[in-house]
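Trainee: Please show me how to read the features of a model like this one.

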Amino acid sequence: MRDYEAMFIFHPELTEEKLEQSVKAVENIIKSEAKGRLQTESLGKKTLAYPVKKLNEGYYVNYDFEALPVAIEKIKEELKHSEDILRFMIFIKDSKK
């Protein structure tokens, strides 16, 4: 198992209820594939560095989890077509701290 961190940017026009549902849906997908620990941190609505899909803001949510490398491609495949997610990135955490 490796430590991963994922940063998601959700659509800024989501209602609070819909945003919570989307965050939980991503958590469930990660849990089903990762089978390790999972921590979620909402960073709130922030201005984007550049427009994405003609939008200048988004809700940032950070996921910290453990998974086998094989699970990462499955997670990406399940999430890449979601309309609620503007962008996401999954990367290996540096263990040299």
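Mentor: Start with exposure: a residue is buried under 20% relative accessible area, exposed over 50%, and partly exposed in between (1.4 Å probe, protein chains only). By that scale K54 is exposed, at 80% relative accessibility. This is a predicted model, in which local features need pLDDT of at least 70 and side-chain atom pairs count only at pLDDT 80 or more, while totals for chains, interfaces and linings use all residues. Residues are numbered from 1 along each chain as its sequence is written, and side-chain values use heavy atoms, with hydrogens and water left out.

Trainee: Where does K54 lie?

Mentor: Helices (H or I, at least four residues) and strands (E, at least two) are DSSP runs, numbered from the N terminus. K54 lies in the loop between β2 and β3. K53 belongs to that loop between β2 and β3 as well, and K53 is exposed, with a relative accessible area of 55%.

Trainee: What is the phi of K53, and what is that of K54?

Mentor: K53 has a phi near 55°, a positive value in a residue other than glycine. For K54, phi is positive at about 65°, although K54 is not a glycine either.

Trainee: How do I describe two packed helices?

Mentor: Axes are lines fitted to C-alpha atoms, for helices over the stretch in contact, and angles run from 0 to 180 degrees between N-to-C directions. Here the axes of helix α1 (residues 16-34) and helix α2 (residues 69-79) come within 9 Å and cross at roughly 150°. That makes α1 roughly antiparallel to α2; angles under 35 degrees count as roughly parallel, over 145 as roughly antiparallel, 65 to 115 as roughly perpendicular and the rest as oblique.

Trainee: Which residues of α1 and α2 meet?

Mentor: Contact means heavy atoms within 4.5 Å. On the α1 side there are V26, I29, I30, E33 and A34, which meet A71, K74, I75, E78 and L79 in α2. Sorted by class, this contact of α1 with α2 has seven nonpolar, no polar and three charged residues. Ala, Val, Leu, Ile, Met, Phe, Trp, Tyr, Cys and Pro count as nonpolar, Asp, Glu, Lys and Arg as charged, and the others, Gly among them, as polar.

Trainee: How many salt bridges does the count come to?

Mentor: Side chains of opposite charge can pair when their charged atoms come close. A salt bridge is a side-chain nitrogen of Lys or Arg within 4 Å of a carboxyl oxygen of Asp or Glu. By this rule the count comes to eight. One of them joins D64 and R37, at 3.6 Å from N to O. D64 lies in strand β3 (residues 55-67) and R37 in the loop between α1 and β2 (38-52), so the pair ties together parts that are 27 residues apart in sequence.

Trainee: Are D64 and R37 buried or partly exposed?

Mentor: D64 is buried, with a relative accessible area of 13%, whereas R37 is partly exposed at 31% relative accessibility.

Trainee: With which residue does D64 form a salt bridge at 3.2 Å?

Mentor: K93, the distance being that of the closest N and O atoms. This pair also links distant parts of the chain: D64 is in strand β3 and K93 in the segment after β4 (85-92), 29 residues apart. K93 is partly exposed, at 28% relative accessibility. D3, R37, D64, E66 and K93 are linked in a network of salt bridges. Another salt bridge pairs K80 with E77, at 3.4 Å from N to O. K80 is partly exposed at 46% relative accessibility, and E77 is partly exposed at 46%.

Trainee: Which residues does E27 touch?

Mentor: E27 is in helix α1 and is buried, with a relative accessible area of 10%. Not counting residues up to four places away in sequence, E27 touches L38, T40 and Y63.

Trainee: How far apart are P12 and L86 in sequence and in space?

Mentor: They are 74 residues apart in sequence and 9.1 Å apart in space, C-alpha to C-alpha. P12 lies in the loop between β1 (2-10) and α1, and P12 is buried, at 9% relative accessible area. Leaving aside neighbours within four places in sequence, P12 is in contact with K45, L55, E57, G58, Y59 and L86.

Trainee: Is M89 buried or exposed?

Mentor: M89, which lies in strand β4, is exposed, with a relative accessible area of 54%. Beyond its neighbours within four places in sequence, M89 is in contact with E5, A6 and M7.
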